[in-house]
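Here are my notes on this one, point by point. Have the model open while you read.

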Amino acid sequence: MKMQLRSDAETIIAAAIDAVKPDEAVERALASFVPGPGRTLLVAAGKAAWQMANAAVRVLGRVDGGVVVTKYGHVMGQI
């Protein structure tokens, strides 16, 4: 019984952490967004800015321009 409770608690904690990851939150938020006929610009700022911007580009398929401002060491590649 005690091991099952621990296992259940670990599963709940992992699901809660996954639910608030910046990239996954952006993916959920933009899942039904359809860009209009104009340009799509992206603006992201903060420690998780690169992660959020990367997710936005992945979901939208294209971004025409924008700016990403984050801390040194938080960039994980080109978007």
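**Notes on the fold and its contacts**

1. Let's start inside. The largest nonpolar core has nine residues: Val 26, Leu 30, Leu 42, Ala 44, Ala 49, Ala 53, Ala 55, Ala 56 and Leu 60. H2, S1 and H3 each supply at least two residues of this core, and H3 gives the most, with five. A nonpolar core here is a set of buried Ala, Val, Leu, Ile, Met, Phe, Trp, Tyr and Cys residues joined through side-chain atoms within 4.5 Å. Buried means under 20% relative accessible area, exposed over 50%, and partly exposed in between, with a 1.4 Å probe and protein chains only. In soluble globular proteins, nonpolar side chains tend to be buried together.

2. A word on the ground rules. This is a predicted model, in which local features need pLDDT of at least 70 and side-chain atom pairs count only at pLDDT 80 or more, while totals for chains, interfaces and linings use all residues. Residues are numbered from 1 along each chain as its sequence is written, and side-chain values use heavy atoms, with hydrogens and water left out. The helices (H or I, at least four residues) and strands (E, at least two) are DSSP runs, numbered from the N terminus.

3. Now the β-α-β part. S1, helix H3 (residues 49–60) and S2 make a right-handed β-α-β unit. Right-handed means that, with the strands pointing away from the viewer, the path from the first strand over the helix to the second runs clockwise. S1 and S2 run parallel and are joined by five bridges; for two strands to pair, DSSP has to find at least two bridges between them. Within this pairing, Ala 44 stands opposite Val 68 of S2.

4. Which residues of S1 are on its covered face, and which on the uncovered one? Leu 42 and Ala 44 make up the covered face, and Leu 41, Val 43 and Ala 45 the uncovered one. Both Leu 42 and Ala 44 are also listed in the core.

5. H3 deserves a look of its own. Its buried residues are Ala 49, Trp 50, Ala 53, Ala 55, Ala 56 and Leu 60, and they pack against H2, S1 and S2. Ala 49 touches Ala 44, Val 68, Val 69 and Thr 70, not counting residues up to four places away in sequence; contact means heavy atoms within 4.5 Å. The length checks out too: at 1.5 Å a residue, the twelve residues of H3 should span 16 Å, and its end C-alpha atoms are 16 Å apart, which agrees. That expected span is 1.5 Å times one less than the number of residues in the helix. After H3 comes Gly 61, with a positive phi near 90°.

6. Thr 40 sits in the loop between helix H2 (22–30) and strand S1 (41–45), and counts as buried because its relative accessible area is 11%. Leaving aside neighbours within four places in sequence, Thr 40 is in contact with Pro 35, Leu 60, Arg 62, Val 63, Asp 64 and Gly 65. Val 67, in strand S2 (residues 65–69), is partly exposed, at 43% relative accessibility.

7. Last, the charges. How many salt bridges are there? The count comes to four, where a salt bridge is a side-chain nitrogen of Lys or Arg within 4 Å of a carboxyl oxygen of Asp or Glu. One of them joins Arg 58 and Glu 27 (2.3 Å, N to O). Arg 58 lies in helix H3 and Glu 27 in helix H2, so this pair ties together parts that are 31 residues apart in sequence. Arg 58 is partly exposed at 49%, and Glu 27 is partly exposed at 28%.

8. Another salt bridge links Glu 10 and Arg 6 (3.3 Å, N to O). Both lie in helix H1 (residues 2–19), four residues apart, about one turn of the helix. An α-helix has 3.6 residues a turn, so residues three or four places apart point the same way. Glu 10 is partly exposed at 44% relative accessibility, whereas Arg 6 is exposed at 54%. Lys 21 and Asp 18 also meet in a salt bridge (2.9 Å, N to O).
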